[in-house]
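Biologist: Could you take a close look at the disulfide in this model, and at the residues around the chain that deserve a comment alongside it? I would like one connected account.

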Amino acid sequence: MRFLVLFALIAAVAAPAGAQTTAGMAAMQYYVGTWACVAAGEPDSNSTATYAIENGVMRDSVVIPAQGKMTAPYQLTIVTTFDPKNGRYVQTSLDNQATWAVSFAEPFTGNTEEWVNNATFDGKLGRVELVRTDRNAFDIIGYSTISQAKPDYKVSCHRA
């Protein structure tokens, strides 16, 4: 279940390793395609994330087939765009369990980006860090509160 909550809090936007110099949604081209993700410490946690960009909007579909103790598959849709007026990325997410969130991230220049929840289905605001480890892999590190220092989970994703 912790793995499902992970994807409900995800702000799944990553960029190539190293400094990012491309602005707006062009910076998200790195993500286009399919990724295989596994949660650390969760033996049954395989998922697939598929990204596509069209007309300045990136859509991400995360699918976790029923596995382990899960009795049904999990589906999450994430939509991301760049807000040039406010100079930040904006993202909404909604899953098949009626979990939703709205998150923001400032433009990033290194290999780490930080997404902060602005609104969530339960009013609990957390944050997610994405660390690009190379051109074909990134880690998602989640915190249940904005100021928390110790992460609640870590997920590693690799190009499929």
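Modeller: Cysteine 37 is buried in this predicted model, with a relative accessible area of 2%, and cysteine 157 is likewise counted as buried, at 1% relative accessibility. Both values fall under the 20% limit that defines a buried residue. These two cysteines are joined by a disulfide, with an S to S distance of 2.1 Å, and the structure holds 1 disulfide. Cysteine 37 belongs to strand β1, which covers residues 33-39, while cysteine 157 belongs to strand β10, which covers residues 153-159, so the pair ties together parts that are 120 residues apart in sequence. As for the geometry of the link between cysteine 37 and cysteine 157, the angle about the S-S bond is 115 degrees, and the link is right-handed.

Another buried residue can be described in some detail, namely aspartate 139, which has a relative accessible area of 13%. Aspartate 139 is placed in strand β9, made up of residues 137-143. The side chain of aspartate 139 makes a polar contact, at 2.8 Å, with the side chain of serine 156, and residue 156 falls within the range 153-159 given for strand β10. If the neighbours within four places in sequence are set aside, aspartate 139 is in contact with Glu129, Leu130, Val131 and Thr133 on the one hand, and with Lys154, Val155 and Ser156 on the other.

Most residues other than glycine have a negative phi. Asparagine 55, however, has a phi near 55 degrees, a positive value in a residue other than glycine. Asparagine 55 sits in the loop that runs between β2 (47-54) and β3 (57-64), and asparagine 55 is exposed, with a relative accessible area of 76%. Alanine 98 also has a positive phi, near 65 degrees, and is again a residue other than glycine. The loop that holds alanine 98 lies between β5 (88-95) and β6 (100-105), and alanine 98 is exposed, its relative accessible area being 53%.

To return to your request, the disulfide joins cysteine 37 to cysteine 157, and the two partners lie in strands β1 and β10.

Technical notes: Residues numbered from 1 in each chain as written. Predicted model: local features only at pLDDT ≥ 70, side-chain atom pairs only at ≥ 80, totals over all residues. Heavy atoms only, no water. Disulfide = S-S within 2.5 Å. Helix = DSSP H or I, 4+ residues; strand = E, 2+ residues; numbered from the N terminus. Buried < 20%, exposed > 50% of the residue type's maximum accessible area, 1.4 Å probe, protein only. Polar contact = N/O pair within 3.5 Å; in protein donor to acceptor, adjacent residues only side chain to side chain. Contact = heavy atoms within 4.5 Å.
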